[in-house]
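Please read the following briefing alongside the sequence and the structure shown here. The points are grouped by topic.

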Amino acid sequence: MELLSALSLGELALSFSRVPLFPVFDLSYFIVSILYLKYEPGAVELSRRHPAASWLCAMLHCFGSYILADLLLGEPVIDYFSNNSSVLLASAVWYLIFFCPLDLFYKCVCFLPVKLIFVAMKEVVRVRKIAVGIHHAHHHYHHGWFIMIATGWVKGSGVALLSSVEQLLRGVWKPEMNEILHMSFPTKASLYGAILFTLQQTRWLPVSKASLIFLFTMFMVSCKVFLTATHSHSCPFDVLEAYVCPVLFGGSWGSGGDHHHDNHGATHSGGGGVHGVGPGPQHSPLPRSKEELSEGSRKKKTKKAD
């Protein structure tokens with residue numbers, strides 16, 4: 001008890017939960033979100049040919065969770081776009097990542113030590129959004145547990161859940177690759193986090209909201225930084241799900257997740273047949289520019305996350 005008192009964990013958690021997100025943490029969130037957009041096949045070419053569509057995709061990556069949460073709660077879906085400061089900041093990040101001369105800004109934020117800092121700060125925003133979403137839903141539906149969980153979930157992973165819509169804006173349609181069928185780690189973690197925060201909000205979990213925000217943020221930051229640093233496609237929940245899911249559901253939940261990521265990597269590297277299944281026919285590659293070649297090399301080393 002004396003050690004816990006010396007650490008003042010409660011005061012630390014309370015101070016941490018009061019740290020403002022704008023502009024520093026929101027800036028990191030926008031940078032990482034738009035980086036993942038640039039990693040998408042054809043995103044650079046789209047920004048050159050159709051900058052308006054590229055900008056819309058970027059805004060969806062940055063504000064998709066707010067749009068989906070407002071849609072669930074019956075509120076104006078464009079309400080968040082009244083926040084001029086955030087929209088302008090996200091637009092500036094989009095422009096610098098896609099159009100900065102010599103790709104200087106992109107190269108700086110992609111430098112791994114710098115990128116890991118941004119990734120960690122993005123997870124701070126994600127957890128805070130989950131907590132705020134639960135609180136907002138609880139204000140409208142005091143006993144609506146499922147509504148609170150759904151709202152918190154989309155607040156934490158709305159961008160990934162709207163991936164099919166974002167693909168349509170880029171002229172791509174791959175319904176078999178949607179996030180519900182192949183949940184990534186952030187999407188699963190947002191769902192589990194939404195359940196925890198709902199239990200806390202309804203007083204079934206005997207822990208303060210500030211402490212839960214702090215502890216869950218530390219978990220998310222640790223996992224996401226490790227996965228990003230090691231370029232790993234695994235999920236920390238895989239071990240637990242491997243034991244629990246066969247008992248409850250007769251199979252592994254999201255067992256196609258790794259296959260999905262493998263397909264994504266195969267698509268990025270240009271190998272494989274249809275959807276990455278089988279070797280497929282070999283075609284002579286078309287001439288590509290240096291920008292496309294450099295983009296291809298980036299895609300081999302990265303993985304889309306929400």
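Tryptophan 145 counts as partly exposed in this predicted model, because its relative accessibility is 32%. Its ring has a partner in tryptophan 204, and because the centres lie 6.1 Å apart with the planes at 75°, the pair is edge-to-face. The two residues belong to distant parts of the chain, 59 residues apart, with tryptophan 145 in helix H9 (residues 145–161) and tryptophan 204 in the loop between helix H11 (185–201) and helix H12 (209–229). Tryptophan 204 is exposed, with a relative accessible area of 63%.

**Aromatic pairs and cluster**

- A search of the whole structure finds 18 aromatic pairs, among them the edge-to-face pair of phenylalanine 63 and phenylalanine 81, which has a centre-to-centre distance of 5.5 Å and an angle of 70° between the planes.
- This pair links distant parts of the chain, since phenylalanine 63 lies in helix H5 (residues 51–72) and phenylalanine 81 in the loop between H5 and helix H6 (84–99), 18 residues apart.
- Phenylalanine 63 counts as buried at 0% relative accessibility, whereas phenylalanine 81, at 27%, counts as partly exposed.
- One aromatic cluster is formed by Tyr29, Phe30, Phe63, Tyr66, Tyr80 and Phe81.

**Charges over rings**

- The charged end of lysine 122 sits over the ring of tyrosine 29, at 5.2 Å from the ring centre, and tyrosine 29 is also one of the residues in the aromatic cluster.
- The charged end of lysine 38 is placed over the ring of tyrosine 106, with 4.2 Å to the ring centre.

**Salt bridges**

- The structure holds 6 salt bridges, one of which joins the side chains of aspartate 103 and lysine 38 at 3.3 Å, N to O.
- Aspartate 103 and lysine 38 are 65 residues apart in distant parts of the chain, the aspartate being in the loop between H6 and helix H7 (104–110) and the lysine in helix H3 (residues 24–39).
- Because buried means under 20% relative accessible area, aspartate 103 falls in that class at 17%, and lysine 38 does so at 3%.
- Arginine 49 and glutamate 45 meet through their side chains in a salt bridge of 3.0 Å, N to O, and because they are 4 residues apart in helix H4 (residues 43–49), about one helical turn separates them.
- Within that pair, arginine 49 counts as exposed at 61% relative accessibility, while glutamate 45 is partly exposed, with a relative accessible area of 36%.
- Lysine 188 forms a salt bridge with glutamate 241, in which the closest N and O atoms are 2.8 Å apart; this pair links helix H11 to helix H13 across 53 residues, and both partners are buried.

**Helix H11**

- Helix H11 has 17 residues and reaches 24 Å from its first C-alpha to its last, close to the 24 Å expected at 1.5 Å a residue.
- This helix is mostly covered, with 13 of its 17 residues buried, and it is followed by arginine 203, whose phi is positive, near 65°.

**Nonpolar surface patch**

- Val239, Leu240, Tyr243, Val244, Val247, Leu248 and Phe249 make a nonpolar surface patch of about 830 Å².
- Tyrosine 243, one of the residues in this patch, is found in helix H13 (residues 238–248) and is exposed, with a relative accessible area of 65%.

Terms used:
Residues are numbered from 1 along each chain as its sequence is written. This is a predicted model: local features need pLDDT of at least 70, side-chain atom pairs count only at pLDDT 80 or more; totals for chains, interfaces and linings use all residues. Side-chain values use heavy atoms; hydrogens and water are left out. Patches are made of residues with over 30% relative accessible area and no salt bridge: like charges are joined within 9 Å, nonpolar side chains (Val, Leu, Ile, Met, Phe, Trp, Tyr) within 5 Å. Accessible areas come from the Shrake-Rupley method with a 1.4 Å probe; for residues, only the protein chains shown count as cover. A salt bridge is a side-chain nitrogen of Lys or Arg within 4 Å of a carboxyl oxygen of Asp or Glu. Buried means under 20% relative accessible area, exposed over 50%, partly exposed in between (1.4 Å probe, protein chains only). Rings of Phe, Tyr and Trp (its six-membered ring) pair if their centres lie within 6.5 Å; planes under 30 degrees apart count as stacked, over 60 as edge-to-face and the rest as tilted. A charge sits over a ring if NZ of Lys or CZ of Arg is within 6 Å of the ring centre and within 35 degrees of the ring normal. The expected span of a helix is 1.5 Å times one less than its number of residues.
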